[in-house]
Amino acid sequence: YRMHCLLPESQLTVHLQAGLVALKNPPSSSSSSREDPLHHPDFQALAAGLPYAKHVHSKLICAVTREIMSDANPPMVLPNGYVYSQKAVEQIAAQHGGKVVCPRTGSTYGLEEARRAFIV
């Protein structure tokens, strides 16, 4: 395969999996109609290791600390619209003498200008 730059999986399998991942969600695996491709056992086998297309609960990950944002570490919005965790904003402010320097744009703000974001 490597000598001829071929993938170890067939292109048909790759494309079928790409289509099935868009259809796969928790309800389709338990109660599916006959028109649902995931109703067929062969397609179920192809989709077995694929992630679900829809997630009920999303997680926000801070770009600076790489930690999950939660009630203990809430998301904070800078005036330029970028969002970082409270822990990251406090770390940045500690490194720059109480000023928050946006890692993306380099804009400088006071710590009090960062606002907590509430996500419903």
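## The buried side of helix H4

In this predicted model, helix H4 spans residues 86–95, and its buried residues are Ala88, Val89, Ile92 and Ala93. These residues lie on the same side of H4, because they cover an arc of only 135 degrees around the axis. An α-helix has 3.6 residues a turn, so residues three or four places apart point the same way.

On the face turned away from the buried side, H4 carries the exposed residues Ala94 and Gln95. Glycine 97 follows H4, and its phi is positive, near 65 degrees.

## Serine 85 in strand E2

Strand E2 comprises residues 83–85, and serine 85 belongs to it. Is serine 85 buried or exposed? Serine 85 counts as buried, because its relative accessibility is 0%, and the cut-off for a buried residue is under 20%.

Apart from residues up to four places away in sequence, serine 85 touches Cys62, Thr65, Met69, Asn73, Pro74, Pro75 and Met76.

## Two salt bridges

Side chains of opposite charge can pair when their charged atoms come close. The count of salt bridges in this model is 2.

Glutamate 67 counts as partly exposed, with 31% relative accessibility. Lysine 87 is also partly exposed, at a relative accessible area of 36%.

Another salt bridge brings together the side chains of aspartate 71 and arginine 116, at 3.6 Å from N to O. This pair, too, links distant parts of the chain, here 45 residues apart: aspartate 71 is in the loop between H3 and E1, and arginine 116 is in strand E5 (residues 115–116). Aspartate 71 counts as exposed because its relative accessibility is 69%, the cut-off being over 50%. Arginine 116, with a relative accessible area of 37%, is partly exposed.

## Confidence in the model

The protein chain has an average pLDDT of 83, and 83% of the residues score at least 70. Which element of the protein chain has the lowest mean pLDDT, and which the highest? Helix H2 (residues 26–30) has the lowest, at 52, whereas E2 has the highest, at 97. Where pLDDT is low, the predicted coordinates should not be read in detail.

Methods: Residues numbered from 1 in each chain as written. Predicted model: local features only at pLDDT ≥ 70, side-chain atom pairs only at ≥ 80, totals over all residues. Heavy atoms only, no water. Helix = DSSP H or I, 4+ residues; strand = E, 2+ residues; numbered from the N terminus. Buried < 20%, exposed > 50% of the residue type's maximum accessible area, 1.4 Å probe, protein only. Contact = heavy atoms within 4.5 Å. pLDDT = per-residue confidence, 0-100. Arc of directions from axis to C-beta. Salt bridge = Lys/Arg side-chain N within 4 Å of Asp/Glu carboxyl O.
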